[in-house]
Amino acid sequence: MAASTTGSDRDFREQLGKFRLDPAVAASVTSEHTRTDTQQTRSKRVSTACEFCRKRKKKCDFRYPNCSACTRAGVRCTVLSQGQQIFNASVPRDQLEKLQKRVEWLEHIIRKKTGADVSDTPTGSAVDGEGELDWWYHVPDLIAGNQTATSPGGATDSSSAGSPGIAPELPNIGEIFRDKLENRRPSTARPAAASPKVLRLSSFEEAQTVASEYFDSLGYQYPFLHRGEFMTNLRRIYNGETVPADAQFSYHITMATAVLIGSSDGSMSSSFYNASRETLPLALQNEDLPALRALLSVALYTMFSTSGPSVWHVLGTAMRLATSLGLHKAKQPGQAVDLVEDQMGKRAFWSLYNLDRLTAATLGRPVSISDEDITTDLPREYDDNWIEAPGACAMSIPVQVVRLRRIFSRVYRAFYSNRPRPSREVLAQMINDFRTELDAWRTNAPLLLSAIHYSTSYFDYLYYTTLLLMYRPSPVNPAPDDACIVGCGDSSIQIIRSYWDSYSLGKIKWIWLTLCQIYSAGITILWCIEQNIRAVNEGRPILWEPKDDMVRYGVDAVVVLLEEFGKRRNGVDRLATTFQKQSSAVLSRMVHSPPGIDDVLLMNGPVPEIDPSVVEQLFYAYDWFQDEVATFYTL
């Protein structure tokens with residue numbers, strides 16, 4: 001089930017910033033060169049491996065921003081450009097001819113796609129296209145999972161047909177939008193949904209209860225939908241009235257997600273999701289705020305379900321739409337602003353920002369927009385009646401979450417980028433400054449009695465996951481000092497405790513993000529124990545001394561949560577089995593084993609032998625785990 005690490009990551013790296021061309025167009029342009037190319041001998045390839053792997057003549061797995069080999073060796077991962085590689089190398093003639101044909105092909109594609117002839121244009125010049133601008137209007141078919149999609153040139157692409165449960169690949173977002181706002185089609189009023197199919201629960205009261213579960217859960221994290229507006233449309237739907245297409249889509253997709261919250265039965269959710277696909281094209285009719293909210297709703301549904309399109313592509317498309325609308329930019333002084341529209345736009349953008357940062361850091365992928373490009377401020381803390389109540393309304397929680405996510409984003413950039421490694425003194429100061437900022441965030445976080453769980457346990461979870469991101473081994477800090485090891489262990493224990501509290505209250509979300517965090521925290525505990533064992537073997541005192549039996553309870557909780565995940569989500573068995581074996585092997589080597597530690601292992605038979613480097617490898621770069629999750633959940 002896991003995809004090839006090298007192949008998937010190499011394709012991902014090579015696709016950054018490139019057009020994904022239509023197969024039919026590519027075939028028509030290259031057919032005249034096919035006979036000549038087959039007669040030529042295979043040319044030498046320019047190496048795409050990183051410099052470290054290329055010098056060692058080892059296979060590079062192309063992980064971003066550091067490959068696994070560079071991470072383990074603690075060196076900076078650099079990839080030379082093709083110009084640097086071939087500067088002093090002899091280039092075969094057939095290679096030059098193929099490059100020339102490639103350039104001709106790309107010029108043909110640009111001319112056909114945009115109507116601009118760039119054959120005589122100097123490299124780097126600005127080009128204003130006058131051709132087809134309608135790729136945005138083909139996105140609904142692609143997201144909805146149709147087997148074929150019509151390209152702007154009229155060609156039919158059947159290559160997107162995939163296996164059941166996995167949506168077709170979206171086109172490169174650079175082909176969907178244009179950078180200039182004047183190239184966008186004028187927005188038109190969405191018609192009332194013509195489809196008579198409206199899926200309803202048995203009563204309005206039942207639907208209201210299910211929808212309230214959504215707003216009392218995800219609404220505190222991603223408040224891009226207004227509760228009052230949604231409930232008004234919900235009542236109209238159950239009264240038999242006709243609502244606009246975007247409102248009907250929002251109803252179906254929101255109910256699909258709400259049914260999945262805390263539930264393992266996906267049949268009703270799938271029915272609501274399939275009903276939402278009928279009005280998706282109308283919801284995405286215009287490049288506007290309702291279209292952005294529709295994409296965010298699809299992304300949230302995909303996070304909970306293994307069906308639907310790739311959440312990674314949907315978030316990328318949503319961010320490109322948000323920047324096209326200018327939601328990341330502050331309003332000009334004196335510009336007339338409608339309060340509700342302005343605040344709902346900010347809520348949508350920062351909800352997208354929150355999802356983007358969390359997904360990027362969890363999967364080890366780049367963020368879709370730099371913090372330096374964002375000048376808009378946070379949404380104001382208005383209640384459902386648009387009365388401002390700082391620190392005392394439902395919006396106080398998501399605003400505080402975004403404040404934390406901005407710190408999280410800077411930590412991710414500081415420690416997981418391809419920058420030169422700082423000195424120990426500078427690194428220690430960086431960690432101290434971030435810790436001070438995070439402590440101030442947690443101290444100033446509001447406490448809402450109406451949302452006591454989210455203003456206590458959820459804030460604790462956010463705080464400790466950011467600490468773990470900072471303390472754990474990273475490209476900038478590959479060999480953490482003793483203080484970082486202690487920080488890793490303590491943060492992991494607290495993360496698991498937060499998840500256990502949510503599980504006890506029935507508020508845990510059985511999504512792939514939760515799975516990643518639980519497994520990562522469990523592996524971190526094992527890594528910290530391994531550091532203790534090494535310290536004792538070297539005659540040094542124990543580095544990490546958790547209180548009481550926290551190691552036992554932490555490992556036990558991870559095992560139970562992984563087993564519960566396995567009951568609700570297929571494909572988790574491998575993770576649970578791997579963690580049980582590794583925890584057995586590591587805990588059996590502890591110098592001071594807590595009483596009753598055998599009860600934690602939940603395994604029968606002799607304790608397996610362990611390679612001392614296994615836990616180190618799992619913790620530094622659990623690539624196979626990321627690939628397993630990304631493949632199964634179509635990320």
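The legends below describe close-up views of a predicted model.

**View 1. The largest nonpolar core of the predicted model.** This core contains 73 residues, and Y214 and L292 have the most contacts inside it. Helix 13, which covers residues 289–304, supplies the largest share of the core, namely twelve residues. A second, separate core is made up of 71 residues, including Y220, L448, V476 and L575.

**View 2. The surroundings of Y214.** Once neighbours within four places in sequence are left aside, Y214 is in contact with G219, F224, L225, T254, T257, A258, I261 and L300. Y214 is also one of the buried residues of helix 9.

**View 3. Helix 9, residues 204–215.** The helix has twelve residues, so at 1.5 Å a residue it should span 16 Å. Its end C-alpha atoms are 16 Å apart, which agrees with that expectation. The buried residues in helix 9 are F204, A207, V210, A211, S212, Y214 and F215. Among the elements that cover these buried residues are helix 10 (227–238), helix 11 (245–260) and helix 13. In an α-helix, residues three or four places apart point the same way because there are 3.6 residues a turn.

**View 4. A nonpolar patch on the surface.** L447, L449 and I452 form this patch, and together they have about 340 Å² of accessible area. I452 is found in the loop between helix 17 (424–444) and helix 18 (457–471). With a relative accessible area of 41%, I452 is partly exposed, because this class lies between the buried limit of under 20% and the exposed limit of over 50%.

Note on methods: Residues are numbered from 1 along each chain as its sequence is written. This is a predicted model: local features need pLDDT of at least 70, side-chain atom pairs count only at pLDDT 80 or more; totals for chains, interfaces and linings use all residues. Side-chain values use heavy atoms; hydrogens and water are left out. Patches are made of residues with over 30% relative accessible area and no salt bridge: like charges are joined within 9 Å, nonpolar side chains (Val, Leu, Ile, Met, Phe, Trp, Tyr) within 5 Å. Accessible areas come from the Shrake-Rupley method with a 1.4 Å probe; for residues, only the protein chains shown count as cover. A salt bridge is a side-chain nitrogen of Lys or Arg within 4 Å of a carboxyl oxygen of Asp or Glu. Helices (H or I, at least four residues) and strands (E, at least two) are DSSP runs, numbered from the N terminus. Buried means under 20% relative accessible area, exposed over 50%, partly exposed in between (1.4 Å probe, protein chains only). A nonpolar core is a set of buried Ala, Val, Leu, Ile, Met, Phe, Trp, Tyr and Cys residues joined through side-chain atoms within 4.5 Å. Contact means heavy atoms within 4.5 Å. The expected span of a helix is 1.5 Å times one less than its number of residues.
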